[in-house]
Amino acid sequence: EVFTGTTEIAKIGLLLPETGVYSDTSDDIHNAVQLAIDEINSLQNRYDFELLTSDTESDPSRARVAAWQLTDEGVAGIIGGSTYNIVYNALEKPKETSTPMITFAFDSSSLTILDDDGLVWRIVPSGTSEAAALAVYANIREVENIGIIHVDTAYGNVYADAFTDAI
């Protein structure tokens with residue numbers, strides 16, 4: 001169906017670590033999101049999606065300010081937040097304005113207990129979901145002897161514990 005009305009501008013916010021410890025990922029993330037927006041815009045003419053970015057500086061307290069800036073710009077949604085602390089601190093204003101957030105890298109199971117009014121979504125499974133799926137696969141393959149080697153980090157420990165519990 002071809003849309004023949006007036007095209008509406010839809011602003012999409014992107015929280016990026018343009019500076020700080022995670023800044024090496026910023027350009028790739030920005031390019032991926034811009035590519036998706038360009039593709040969506042080429043496939044329809046009802047909305048003209050525009051990308052607005054705001055720098056979190058890889059800092060949770062700065063993420064709060066960055067999210068405020070994007071919501072004040074009138075974004076329809078926010079993409080971003082790569083850690084629990086970034087998402088948690090960025091959430092205040094989006095929650096107040098019912099602006100959804102989609103995190104592209106945050107895989108901690110703690111997202112499921114975040115008081116977010118259902119506004120924060122993720123596009124990667126949690127570590128505990130991955131571990132449960134691996135346990136199912138091990139059971140299907142009837143693997144009897146399993147050794148777990150993992151990094152000694154919050155992610156590694158949660159993943160190992162979830163796998164152990166599921167197996």
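What follows is a short chat about how to read a helix and some aromatic rings in a predicted model.

Trainee: Let's look at H1. Which of its residues are buried?

Mentor: Start with the general idea: an α-helix has 3.6 residues a turn, so residues three or four places apart point the same way. In H1, the buried ones are Ser26, Ile29, Val33, Ile37 and Asn41. They cover an arc of only 100° around the axis, which puts them on the same side of H1. Over on the other side, Asp27, Asp28, Leu35, Ser42 and Leu43 are exposed.

Trainee: And what covers the buried residues of H1?

Mentor: The cover includes strand E1 (8-16), strand E2 (47-55) and strand E3 (77-80).

Trainee: Now the rings. How many aromatic pairs are there?

Mentor: The count comes to two. Tyr47 and Phe49 have ring centres 5.8 Å apart and planes at 40°, so that pair is tilted. Tyr84 and Tyr88 make a stacked pair, 5.7 Å centre to centre with 20° between the planes. Those two tyrosines are four residues apart in helix H3 (residues 84-90), so about one helical turn separates them.

Trainee: What sits over the ring of Tyr47?

Mentor: That's the charged end of Arg46, 5.0 Å from the ring centre. Tyr47 itself is partly exposed, at 33% relative accessible area.

Notes:
Residues are numbered from 1 along each chain as its sequence is written. This is a predicted model: local features need pLDDT of at least 70, side-chain atom pairs count only at pLDDT 80 or more; totals for chains, interfaces and linings use all residues. Side-chain values use heavy atoms; hydrogens and water are left out. Buried means under 20% relative accessible area, exposed over 50%, partly exposed in between (1.4 Å probe, protein chains only). The arc is that of the directions from the helix axis to the C-beta atoms. Contact means heavy atoms within 4.5 Å. Rings of Phe, Tyr and Trp (its six-membered ring) pair if their centres lie within 6.5 Å; planes under 30 degrees apart count as stacked, over 60 as edge-to-face and the rest as tilted. A charge sits over a ring if NZ of Lys or CZ of Arg is within 6 Å of the ring centre and within 35 degrees of the ring normal.
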